Amino acid sequence: AAEYFRESLEMTRDLHLPMLIARLLLNIGSIERNRGNTTLAIDYYRRSLLTARQDKNPEGTAVALLNLGSMLREMGTYDESSLLLAEALELSRSIGQKEYEGSSLGELALIRRATATPANPEQHLVLLARNVADLRTCVDLLQETHSMETDKWKTELAAAEQEFAILEAGSL
(Lines give C-alpha, C1' and ligand atoms only; values in the text may rest on other atoms or scores of the structure.)
Protein backbone atom coordinates (compact mmCIF):
# COMPACT_ATOMS: atom_id res chain seq x y z
CA ALA A 1 0.00 0.00 0.00
CA ALA A 2 2.84 2.38 0.83
CA GLU A 3 4.28 1.99 -2.65
CA TYR A 4 0.90 2.75 -4.26
CA PHE A 5 0.54 5.84 -2.07
CA ARG A 6 4.06 6.97 -3.00
CA GLU A 7 3.28 6.41 -6.67
CA SER A 8 0.07 8.41 -6.32
CA LEU A 9 2.00 11.14 -4.54
CA GLU A 10 4.45 11.43 -7.44
CA MET A 11 1.58 11.51 -9.94
CA THR A 12 -0.25 14.31 -8.11
CA ARG A 13 2.71 16.64 -7.49
CA ASP A 14 2.32 18.39 -10.84
CA LEU A 15 -1.47 18.65 -10.55
CA HIS A 16 -1.45 20.99 -7.54
CA LEU A 17 -3.93 19.05 -5.44
CA PRO A 18 -2.71 19.91 -1.93
CA MET A 19 -5.66 18.30 -0.15
CA LEU A 20 -4.92 14.97 -1.83
CA ILE A 21 -1.17 15.37 -1.30
CA ALA A 22 -1.69 16.03 2.44
CA ARG A 23 -3.86 12.91 2.71
CA LEU A 24 -1.36 10.75 0.82
CA LEU A 25 1.48 11.98 3.04
CA LEU A 26 -0.63 11.21 6.11
CA ASN A 27 -1.41 7.70 4.84
CA ILE A 28 2.25 6.96 4.12
CA GLY A 29 3.13 8.27 7.57
CA SER A 30 0.59 5.94 9.15
CA ILE A 31 2.00 2.96 7.29
CA GLU A 32 5.54 3.85 8.37
CA ARG A 33 4.30 4.29 11.95
CA ASN A 34 2.78 0.81 11.88
CA ARG A 35 6.03 -0.55 10.49
CA GLY A 36 7.91 1.01 13.41
CA ASN A 37 9.74 3.54 11.25
CA THR A 38 9.16 6.46 13.60
CA THR A 39 11.57 8.88 11.95
CA LEU A 40 9.95 8.37 8.54
CA ALA A 41 6.45 8.53 10.02
CA ILE A 42 7.19 11.84 11.74
CA ASP A 43 8.66 13.24 8.54
CA TYR A 44 5.54 12.31 6.55
CA TYR A 45 3.22 13.64 9.27
CA ARG A 46 5.12 16.95 9.37
CA ARG A 47 4.98 17.24 5.58
CA SER A 48 1.25 16.49 5.65
CA LEU A 49 0.73 19.16 8.31
CA LEU A 50 2.73 21.72 6.34
CA THR A 51 0.81 20.96 3.14
CA ALA A 52 -2.58 21.16 4.87
CA ARG A 53 -1.67 24.45 6.57
CA GLN A 54 -0.41 25.99 3.35
CA ASP A 55 -3.66 24.94 1.66
CA LYS A 56 -5.67 26.41 4.57
CA ASN A 57 -7.38 23.02 4.94
CA PRO A 58 -8.67 22.86 8.54
CA GLU A 59 -9.70 19.19 8.50
CA GLY A 60 -6.40 18.11 6.95
CA THR A 61 -4.55 20.27 9.46
CA ALA A 62 -6.50 18.81 12.40
CA VAL A 63 -5.88 15.19 11.41
CA ALA A 64 -2.18 15.83 10.75
CA LEU A 65 -1.84 17.59 14.13
CA LEU A 66 -3.60 14.67 15.82
CA ASN A 67 -1.45 12.00 14.18
CA LEU A 68 1.82 13.84 14.75
CA GLY A 69 0.87 14.70 18.34
CA SER A 70 -0.11 11.11 19.06
CA MET A 71 3.12 9.77 17.60
CA LEU A 72 5.21 12.21 19.64
CA ARG A 73 3.24 11.28 22.79
CA GLU A 74 4.06 7.61 22.19
CA MET A 75 7.73 8.59 21.94
CA GLY A 76 7.60 10.58 25.19
CA THR A 77 7.99 14.00 23.56
CA TYR A 78 5.25 15.42 25.75
CA ASP A 79 5.80 19.18 25.45
CA GLU A 80 5.56 19.34 21.66
CA SER A 81 2.87 16.68 21.65
CA SER A 82 0.72 18.67 24.10
CA LEU A 83 0.93 21.79 21.96
CA LEU A 84 0.02 19.94 18.76
CA LEU A 85 -2.85 18.05 20.39
CA ALA A 86 -4.25 21.19 22.03
CA GLU A 87 -4.24 22.86 18.62
CA ALA A 88 -5.87 19.77 17.08
CA LEU A 89 -8.55 19.85 19.79
CA GLU A 90 -9.31 23.54 19.28
CA LEU A 91 -9.37 23.24 15.49
CA SER A 92 -11.50 20.08 15.59
CA ARG A 93 -14.06 21.78 17.80
CA SER A 94 -14.14 24.85 15.56
CA ILE A 95 -14.96 22.77 12.46
CA GLY A 96 -17.26 20.30 14.23
CA GLN A 97 -14.98 17.29 13.60
CA LYS A 98 -16.06 15.15 16.57
CA GLU A 99 -13.84 12.15 15.86
CA TYR A 100 -10.65 14.23 15.92
CA GLU A 101 -11.94 16.17 18.93
CA GLY A 102 -12.53 12.95 20.86
CA SER A 103 -9.16 11.47 20.00
CA SER A 104 -7.39 14.73 20.87
CA LEU A 105 -9.07 14.76 24.30
CA GLY A 106 -8.00 11.17 24.88
CA GLU A 107 -4.42 11.81 23.82
CA LEU A 108 -4.18 14.84 26.12
CA ALA A 109 -5.51 12.74 29.02
CA LEU A 110 -2.77 10.17 28.39
CA ILE A 111 -0.14 12.92 28.46
CA ARG A 112 -1.51 14.23 31.78
CA ARG A 113 -1.40 10.70 33.20
CA ALA A 114 2.20 10.24 32.07
CA THR A 115 3.54 13.61 33.17
CA ALA A 116 1.58 14.74 36.21
CA THR A 117 3.20 14.60 39.60
CA PRO A 118 0.56 16.04 41.94
CA ALA A 119 1.86 17.36 45.24
CA ASN A 120 -0.86 15.71 47.30
CA PRO A 121 -3.69 13.16 47.05
CA GLU A 122 -6.35 15.85 46.59
CA GLN A 123 -4.56 17.26 43.53
CA HIS A 124 -4.10 13.74 42.20
CA LEU A 125 -7.81 13.07 42.64
CA VAL A 126 -8.69 16.27 40.73
CA LEU A 127 -6.32 15.29 37.92
CA LEU A 128 -7.78 11.79 37.69
CA ALA A 129 -11.32 13.18 37.71
CA ARG A 130 -10.43 15.44 34.77
CA ASN A 131 -8.90 12.51 32.90
CA VAL A 132 -11.99 10.38 33.48
CA ALA A 133 -14.26 13.22 32.31
CA ASP A 134 -12.15 13.84 29.18
CA LEU A 135 -11.96 10.13 28.37
CA ARG A 136 -15.76 9.78 28.82
CA THR A 137 -16.26 12.68 26.41
CA CYS A 138 -13.75 11.07 24.06
CA VAL A 139 -15.64 7.76 24.07
CA ASP A 140 -19.02 9.51 23.66
CA LEU A 141 -17.80 11.51 20.66
CA LEU A 142 -16.21 8.47 19.03
CA GLN A 143 -19.32 6.34 19.58
CA GLU A 144 -21.39 9.11 18.03
CA THR A 145 -19.20 9.02 14.92
CA HIS A 146 -18.96 5.19 14.90
CA SER A 147 -15.19 5.42 15.04
CA MET A 148 -13.04 2.31 14.94
CA GLU A 149 -10.99 3.90 17.75
CA THR A 150 -13.83 3.62 20.29
CA ASP A 151 -12.70 0.32 21.84
CA LYS A 152 -9.16 1.60 22.38
CA TRP A 153 -10.46 4.61 24.28
CA LYS A 154 -13.00 2.54 26.25
CA THR A 155 -10.05 0.53 27.57
CA GLU A 156 -8.22 3.74 28.56
CA LEU A 157 -11.40 5.04 30.23
CA ALA A 158 -11.82 1.83 32.24
CA ALA A 159 -8.22 2.08 33.46
CA ALA A 160 -8.66 5.74 34.42
CA GLU A 161 -11.93 5.00 36.24
CA GLN A 162 -10.28 2.17 38.16
CA GLU A 163 -7.32 4.35 39.14
CA PHE A 164 -9.71 7.11 40.23
CA ALA A 165 -11.82 4.69 42.31
CA ILE A 166 -8.76 3.28 44.07
CA LEU A 167 -7.40 6.72 44.95
CA GLU A 168 -10.84 8.00 45.97
CA ALA A 169 -11.39 4.98 48.25
CA GLY A 170 -8.00 5.56 49.83
CA SER A 171 -8.70 9.21 50.53
CA LEU A 172 -12.05 8.66 52.25
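Asp43 and Arg47 sit four residues apart in helix H3, so about one helical turn separates them. Helices here are DSSP runs of H or I with at least four residues, strands are E runs of at least two, and both are numbered from the N terminus. An α-helix has 3.6 residues a turn, so residues three or four places apart point the same way. The two residues form a salt bridge, with their closest N and O atoms 3.6 Å apart. The term salt bridge stands for a side-chain nitrogen of Lys or Arg within 4 Å of a carboxyl oxygen of Asp or Glu.

Before going on, a word on the model. It is a predicted one, in which local features need pLDDT of at least 70 and side-chain atom pairs count only at pLDDT 80 or more, while totals for chains, interfaces and linings use all residues. Residues are numbered from 1 along each chain as its sequence is written, and side-chain values use heavy atoms, with hydrogens and water left out.

## The chain as a whole

The protein chain has eight helices and zero strands. Its C-alpha atoms fill a box of roughly 65 × 30 × 25 Å along the principal axes. Of its 172 residues, 44% count as buried; here buried means under 20% relative accessible area, exposed means over 50%, and partly exposed lies in between (1.4 Å probe, protein chains only). Among contacts with a separation of 6 or more, 55% are between residues 24 or more positions apart, a contact being heavy atoms within 4.5 Å.

## Salt bridges

Side chains of opposite charge can pair when their charged atoms come close. In the whole structure, a search finds 14 salt bridges. Three of them are set out here.

| Salt bridge | Closest N and O atoms |
|---|---|
| Asp43 and Arg47 | 3.6 Å |
| Arg53 and Glu87 | 2.5 Å |
| Arg113 and Glu156 | 3.1 Å |

How exposed are the partners in H3? Asp43 has 35% relative accessibility and so counts as partly exposed, and Arg47, at 29%, also counts as partly exposed.

Arg53 forms its salt bridge with Glu87. This pair links distant parts of the chain, with Arg53 in helix H3 and Glu87 in helix H5 (residues 78-95), 34 residues apart. Arg53 is partly exposed at 39% relative accessibility, and Glu87 is partly exposed with a relative accessible area of 34%.

Then there is the salt bridge between Arg113 and Glu156. It too links distant parts of the chain: Arg113 lies in helix H6 and Glu156 in helix H8, 43 residues apart. Arg113 is partly exposed, at 31% relative accessible area, and Glu156 is partly exposed, at 21%.

Salt bridges also join Arg73, Glu107, Glu149 and Lys152 into a network.

## Two pockets

Rolling a probe the size of a water molecule over the atoms shows where empty space is left. A pocket, on a 1 Å grid over the protein atoms alone, is an open set of points where a 1.4 Å probe fits, with protein on both sides within 12 Å along at least five of seven lines; its lining residues have an atom within 4 Å of a point. Grid points are joined across faces, edges and corners, and the volume is the space filled by probe spheres set on the points.

The largest pocket has a volume of about 520 Å³. Its lining counts 21 residues, and Arg33, Leu66, Asn67, Ser103 and Glu149 lie nearest the centre. Glu149 also belongs to the salt-bridge network. Helices H2 (18-35), H4 (58-74), H6 (98-115) and H8 (150-171) each supply at least two lining residues, and H2 gives the most, with six. By class, the lining holds seven nonpolar, seven polar and seven charged residues. Nonpolar covers Ala, Val, Leu, Ile, Met, Phe, Trp, Tyr, Cys and Pro; charged covers Asp, Glu, Lys and Arg; the others, Gly among them, are polar.

The second largest pocket holds about 200 Å³ of space. Its lining includes Arg47, the salt-bridge partner of Asp43. Other lining residues include Arg13, His16, Leu50 and Asp55. The largest share, four residues, comes from H3. This lining has five nonpolar, three polar and three charged residues.

## Helix H1

Which residues of helix H1 (residues 2-12) are buried? They are Ala2, Leu9 and Thr12. These cover an arc of only 90 degrees around the axis, which puts them on the same side of H1; the arc is that of the directions from the helix axis to the C-beta atoms. What covers them includes H2 and H3. The face turned away from this buried side carries the exposed residues Glu3, Tyr4, Glu10 and Met11.
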